Amino acid sequence: MSASELQPAEWLDQRFWARLDALESRHRQIQSEHSEARRELERLSPDESAQLCDAWRRYCEVVAELDQATAELEALRTCAT
């Protein structure tokens with residue numbers, strides 16, 4: 001094995017490794033948060049689960065309506081200029 005095979009590639013400077021370490025740490029933290037959130041959802045009663053689903057469905061509907069209205073406003077603004 002040559003010396004170049006034992007060392008990190010030259011183009012991978014210290015900033016790269018620092019960023020990689022930070023991203024890996026963030027990824028582990030988010031995985032942990034995901035697991036905790038899933039456990040919380042699994043503890044919901046059937047009634048609470050149904051309420052959550054209804055609230056989420058309504059939220060998605062409102063976001064879709066907002067996106068549509070925003071797109072229409074943007075189209076009108078673009079045509080008016």
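Visitor: How many residues apart are Glu61 and Arg58, and in which helix?
Guide: This is a predicted model, to start with. Glu61 and Arg58 are 3 residues apart in helix H3, which covers residues 46-80. That separates them by about one helical turn.

Visitor: And what do their side chains form?
Guide: The side chains of Glu61 and Arg58 meet in a salt bridge. The N to O distance is 3.5 Å.

Visitor: Which other residue does Arg58 form a salt bridge with?
Guide: Glu65. The closest N and O atoms of Arg58 and Glu65 are 3.9 Å apart. That still counts, because the cut-off is within 4 Å.

Visitor: Zooming out, how many salt bridges does the structure hold?
Guide: There are 8 salt bridges in the structure.

Visitor: Why would such side chains pair up at all?
Guide: Opposite charges can pair when the charged atoms come close.

Visitor: OK, helix H2. What joins Arg39 and Glu36?
Guide: A salt bridge between their side chains, at 2.9 Å from N to O. Arg39 and Glu36 both sit in helix H2, residues 14-42. They are 3 residues apart there, so about one helical turn separates them.

Visitor: Which residues are in the network with them?
Guide: Arg43 joins in. Glu36, Arg39 and Arg43 are linked by a network of salt bridges.

Visitor: How accessible are Arg39 and Glu36?
Guide: Arg39 is partly exposed, at 38% relative accessible area. Glu36 is partly exposed too, at 31%.

Visitor: New topic, rings. How many aromatic pairs turn up?
Guide: Searching the whole structure gives 2 aromatic pairs. One of them is Phe16 with Trp17.

Visitor: What's the geometry of Phe16 and Trp17?
Guide: Edge-to-face. The ring centres are 4.9 Å apart, with 85 degrees between the planes. It gets that label because the angle is over 60 degrees.

How values were computed:
Residues are numbered from 1 along each chain as its sequence is written. This is a predicted model: local features need pLDDT of at least 70, side-chain atom pairs count only at pLDDT 80 or more; totals for chains, interfaces and linings use all residues. Side-chain values use heavy atoms; hydrogens and water are left out. Helices (H or I, at least four residues) and strands (E, at least two) are DSSP runs, numbered from the N terminus. Buried means under 20% relative accessible area, exposed over 50%, partly exposed in between (1.4 Å probe, protein chains only). Rings of Phe, Tyr and Trp (its six-membered ring) pair if their centres lie within 6.5 Å; planes under 30 degrees apart count as stacked, over 60 as edge-to-face and the rest as tilted.
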